[in-house]
Amino acid sequence: MMLIAFGWIAVLLLAGGFALDRTMTNLVEKNFDEQLGYMLTAMVASAEIASDGEVYFIRPLGDQRFLEPNSGLYWQISGDGHDDYPSRSLWDRTLQVRGDHADSQIHIYDSNQFPGEPLRIAERSITLPGSDVRWWFTVAASRGELDSQLSRIRSILYWSFAVLGLGLFGMAMLQTWYGLGPLRGVRRAIQTMRASGRNRVSDPLPLEVQPLVEELNSLLAHSEKQAEEARTHAGNLAHALKTPLTVLTNAATAHDPQLSDLVCRETKTMQRHVEHHLARARAVGRRATGHSRAEVWPSVEAVLRAVTRIYEDTRFDLDGNADAVVSIERQDLDEILGNLIENAAKYGGGSVFVTVDAEPDAEACTIWVEDDGMGIPQAERIRIFDRGARLDTGKPGTGLGLAIVRDVAEIYGGEVSLGESEDLGGLLVRLTLPRAG
């Protein structure tokens, strides 16, 4: 920011200084030329033709420098066939008049005809009354005084703009330093938070950075929540694996003759626990990436095709909104629906009914999975979501399916609840997921 401010200040001051220099130079030169023009006009007004045809002044010019030799201010009148009529200040020198053209108006130009003394010359051609000769009236002034004035003006401009530039740049640095002060306050607050062990930025800070502080605190809260979830999952997984490992260790120590079957059963249980926690970990990782989208209808159709091959005698029906889109990864949606539909086919009486977007006017998308089985008593509808909870132990399973469904749905901001199907009389699973924007 300081470099950009310095660059813009330098560019603007250079442009402004150049424009002001040209303006002042033109004004000084114009004033100088006007003085020469006044002198030339006075010469023409004072000139007459004598009886011998020569030009003379009926009154002397007022500037004393015309009488001082080499004073830097000169005049001369020239005419074809006549001697030049010079000022005393020219002494033994002569102004070179360009008589190859006529100037009815005053013509001003620079000349270097005098070595070491550049001149500013004003000339005009006049035909005086009583004479047919075209007379050239010329006034010349040394540019030394003009150049000296221009040098003084430029020196003043340079120093003024240099001081102005330094002042502006100093103010820009001070403004930038002061304006970024709240960010340094945020840095110090973070350092204090890290040193003191606090988990939030609570120091009083200006309103300009308060939204940043709020977002930072939200990020810290989110990271803390994820870390706590990770610790909880690790503890849950360790606890879930502890019992099967204890059973296997005891069986091996006791040389149980059914150790082989016991190993197969307990390893499947451990594998299912690992899959459960891996599913949660994958869901958390995908949620962190944001912008998840999945079309519900194709996912339900894909799950139904897979489950139909396993439960060929079960009738599956699908209805609802085919355009529903939810904010969840397709792989996680497939896993949720797979668990729900497979449970409905496994524990139902032969009919499964899936309704997509059953409540189209609601803010979230609701998916119903109904079966015609025995259902779940209301007193057991909360406990059934616990890991390993099973009501029907006569069929294979680990009791982790609904736990996976609940955990993954909650990770994406959804929820799952159980009820009674009015149409089929069995269990109604109500899955609610946020709609995709």
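These are my notebook entries on a predicted model.

**Entry 1: helix H2**

I began with helix H2, residues 144-179. At 1.5 Å a residue, its 36 residues should span 52 Å, and the end C-alpha atoms are 51 Å apart, which agrees. I then listed the buried residues of H2: Leu146, Leu150, Leu157, Gly165, Ala172 and Thr176. What do they pack against? The buried residues of H2 pack against H1.

**Entry 2: threonine 25**

I moved to helix H1, residues 2-46, and picked threonine 25 from it. Is threonine 25 buried or exposed? Its relative accessible area is 4%, and the cut-off for buried is under 20%, so threonine 25 counts as buried. Setting aside neighbours within four places in sequence, I found threonine 25 in contact with Leu150 and Arg154. Leu150 is also one of the buried residues of H2.

**Entry 3: the antiparallel sheet**

I followed an open sheet of 5 strands, in the order E4-E3-E7-E6-E5, with antiparallel pairing. Its edge strands are E4 (85-86) and E5 (107-111), and each pairs on one side only. I looked up how E5 is held to strand E6 (residues 119-127): 5 bridges join the two, which run antiparallel. Isoleucine 108 stands opposite alanine 122 in E6. H1 packs on this sheet and touches E3 (73-79), E5, E6 and E7 (134-142). The direction of H1 makes about 145° with that of E7.

**Entry 4: salt bridges around arginine 120**

I searched the whole structure and got 12 salt bridges. In one of them the side chains of arginine 120 and aspartate 33 meet at 2.8 Å, N to O. Arginine 120 lies in strand E6 and aspartate 33 in helix H1, so this pair ties together parts that are 87 residues apart in sequence. Arginine 120 is buried, at 11% relative accessible area, and aspartate 33 is buried too, at 14%.

Arginine 120 also meets the side chain of aspartate 110 in a salt bridge, at 2.8 Å, N to O. Aspartate 110 lies in E5 and arginine 120 in E6, so here the tied parts are 10 residues apart in sequence. Aspartate 110 counts as partly exposed, at 44% relative accessibility. Which residues make up the network? Asp33, Asp110, Arg120, Arg143 and Asp147 are linked by salt bridges.

**Entry 5: the mixed sheet**

I turned to an open sheet of 5 strands in the order E9-E11-E12-E14-E13, with mixed pairing. Why is one side of E9 (315-320) and of E13 (415-420) left without a neighbour in the sheet? Both stand at the edges with a single partner strand each, so one side of each stays without a neighbour. Neighbouring strands are turned by 15° against each other on average, direction ignored. E13 pairs with E14 (residues 427-434) in the antiparallel sense over 6 bridges. Glutamate 420 stands opposite leucine 427 in E14.

Helix H6 (residues 296-310) lies across E9, E11 (351-356) and E12 (364-371), running at about 175° to E9. I also noted a salt bridge between arginine 315 and aspartate 317, with the closest N and O atoms 2.3 Å apart. Arginine 315 is partly exposed at 46%, and aspartate 317 is partly exposed at 27%.

**Entry 6: cysteines**

I looked for disulfides and found 0. I looked up two cysteines anyway. Cysteine 264 is partly exposed, at 43% relative accessible area, whereas cysteine 365 is buried, at 0%.

How values were computed. Residues are numbered from 1 along each chain as its sequence is written. This is a predicted model: local features need pLDDT of at least 70, side-chain atom pairs count only at pLDDT 80 or more; totals for chains, interfaces and linings use all residues. Side-chain values use heavy atoms; hydrogens and water are left out. Helices (H or I, at least four residues) and strands (E, at least two) are DSSP runs, numbered from the N terminus. Buried means under 20% relative accessible area, exposed over 50%, partly exposed in between (1.4 Å probe, protein chains only). Contact means heavy atoms within 4.5 Å. Two strands pair if DSSP finds at least two bridges between them. Axes are lines fitted to C-alpha atoms, for helices over the stretch in contact, and angles run from 0 to 180 degrees between N-to-C directions. The expected span of a helix is 1.5 Å times one less than its number of residues. A disulfide is a pair of cysteine sulfur atoms within 2.5 Å. A salt bridge is a side-chain nitrogen of Lys or Arg within 4 Å of a carboxyl oxygen of Asp or Glu.
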